[in-house]
Amino acid sequence: FITMMMCMFATQATADNSMLDMLTKEINKSCPESVDEYTTMLRVENADTDFVYYYSFDNELFSVYEENTEMLSLLKKELLKGIRNLYVEGDSYMKYFYELLSENNKGIKFTYFNEEGTDSFTVRINPAEVKAVIINN
């Protein structure tokens, strides 16, 4: 889905934050969306400093990560690995998406809620880490 949306914006030459706003609206039209058996994407947001993904996690999986700094660190490493893989091996529209984030000096936040939506934790990929993916690949 993101690939299709990036196609719509790829022809525009400027790194305009409004493109991220438009992408946000389009992605949110398909939410909530099941990612896997444990995770549902609730919505996304183009916030001031980050592009934010909001997810609901299965309660059992949520409890594994909640307030466990070692597990959160591992999750962040896996998320960064996924971003690198999408940038290197993904299509040109995903590359454009990450470049657009970089040009707008944005990080990426992944906020996970328990199934009831009462507790959450966040993993953040800061703007420098987003830029490093682009520069190093």
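Is Tyr55 buried or exposed, and what is its relative accessible area? Hi everyone, let's start there: Tyr55 is buried, at 12% relative accessible area, where buried means under 20%, exposed over 50% and partly exposed in between, with a 1.4 Å probe and protein chains only.

A quick word on the model. It is predicted, so local features need pLDDT of at least 70 and side-chain atom pairs count only at pLDDT 80 or more, while totals for chains, interfaces and linings use all residues. Residues are numbered from 1 along each chain as its sequence is written, and side-chain values use heavy atoms, leaving out hydrogens and water.

Now the rings. Phe, Tyr and Trp rings (six-membered ring for Trp) pair if their centres lie within 6.5 Å; planes under 30 degrees apart are stacked, over 60 edge-to-face, the rest tilted. That gives 13 aromatic pairs. Tyr55 and Tyr112 have ring centres 5.3 Å apart and planes at 20 degrees, so they are stacked. Tyr55 sits in strand β3 (residues 50-57) and Tyr112 in strand β4 (residues 107-113), 57 residues apart; strands are DSSP runs of E, at least two residues, and helices runs of H or I, at least four, numbered from the N terminus. Tyr112 is buried too, at 5%. Both belong to one aromatic cluster, whose members also include Phe51, Tyr53 and Phe121.

Finally, a charge over a ring: Arg43 lies over the face of Tyr54, 4.0 Å from the ring centre, and Lys95 lies over Tyr87 at 5.9 Å. The rule asks for NZ of Lys or CZ of Arg within 6 Å of the ring centre and within 35 degrees of the ring normal.
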